[in-house]
Amino acid sequence: MQSHNWNDLKYFLALHRDGKLSPAGRTLGVSETTVARRIRELERSLETTLFVRSANGRYEPTDAAREVLAHAETIEAGNLAISEVSGENAHRVTGSVRISSVPIIVNRFLVPNLASLERLHPRLAVELVPGSDNLDLSKREADLAVRLSCPSDGGLRTRAQKLGELSFATYAARSISPDQYEKLRWITYDETHLNLPQANWLENAVKFPEMRANLRVADAETGMQAVAAGVGKTLLPRVVASGDPRIRAIEPNDGAKLPTREVWLLSHVDQASRLSVTAAKDWLTNLNWV
């Protein structure tokens, strides 16, 4: 077996996480041709096949790749820790941190608040990963995850910290006259997302089919866009919807109790010593989640 190039592990990890050459190239700031070439070189030096391309174009890891993965992630974590504490960076936060959450939190809350983190740590690079999937912190698919419920998984190596609670209100488009709110139909959720607190509230509150809009959504981000477009009214978290000038809250006349959702921050114990992760955690903790 030939001696392999440690730098090729960066390309291995990027392709494993992104699944395709182009996204992996964007992550690393190189062309997809470069990613493919470095993967071939790593496979040649290790004398094994690391990825098999599936019918949908994704590069799926082989059993050999899964064995390499844990070692590659250990090397990556060590390199990050060294870069953050060495030389002139000893008292400055540098490097990068990946934060995942559902799209509406990433796009409508974290992005508008990024400036405050940049002022504190101008050399810290932040990667925001919007998505409803629970990314695996142990594989560094994300360094930190903001979830809208108390986590029931993650293992002993995962720490959970409650950040606050999101309160919900009913919202409608500003273009619609308030005297039309009562007749405005409700935008509800599809059947696969009825476990969400706001979706469950809507199912119980909207008794008759004629009260429902023709649109059903899978997440609050889509619901917010539909409300702004005048499709109907729905429940949205105040912390994000209150900042959108296209919509406004409809205060209930019947004093109905609206749902809330807990906000939790997940981190991995192996990343606790990284200054970049600590800085991002402090920033997330100090945001106003109410």
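Modeller: Glu47 counts as exposed, because its relative accessibility is 54%, where exposed means over 50% relative accessible area, buried under 20% and partly exposed in between, with a 1.4 Å probe and protein chains only. This is a predicted model, in which local features need pLDDT of at least 70 and side-chain atom pairs count only at pLDDT 80 or more, while totals for chains, interfaces and linings use all residues. Residues are numbered from 1 along each chain as its sequence is written, and side-chain values use heavy atoms, with hydrogens and water left out.

Glu47 sits in the loop between α3 and β1 (51–53); helices (H or I, at least four residues) and strands (E, at least two) are DSSP runs, numbered from the N terminus. Although Glu47 is not a glycine, its phi is positive, at about 60°. Most residues other than glycine have a negative phi.

Helix α3 (residues 32–46) packs with helix α2 (residues 21–28) at an angle of about 100°, their axes being 8 Å apart; here the axes are lines fitted to C-alpha atoms, for helices over the stretch in contact, and the angles run from 0 to 180 degrees between N-to-C directions. That angle makes α2 roughly perpendicular to α3, since 65 to 115 degrees counts as roughly perpendicular, under 35 as roughly parallel, over 145 as roughly antiparallel and the rest as oblique. On the α2 side the residues that meet α3 are Leu21, Ser22, Ala24 and Gly25, and their partners in α3 are Glu32, Val35 and Ala36, with contact meaning heavy atoms within 4.5 Å. By class, this contact has 4 nonpolar, 2 polar and 1 charged residues; Ala, Val, Leu, Ile, Met, Phe, Trp, Tyr, Cys and Pro count as nonpolar, Asp, Glu, Lys and Arg as charged, and the others, Gly among them, as polar.

The cores come next. In the largest nonpolar core, which has 49 residues, Ile99, Leu110, Leu284 and Trp289 touch the most other members; such a core is a set of buried Ala, Val, Leu, Ile, Met, Phe, Trp, Tyr and Cys residues joined through side-chain atoms within 4.5 Å. Helix α5 (residues 103–120) gives the most to this core, with 6 residues. Apart from it lies another core, of 20 residues, and Ala24 and Val35 are among its members, as are Tyr59 and Val68.

His121 is in contact with Val93 and Ala279, leaving aside neighbours within four places in sequence, and its C-alpha atom is separated by 6.1 Å from that of Val93, 28 residues apart along the chain.

Among the contacts with a separation of 6 or more, 75% are accounted for by residues 24 or more positions apart.
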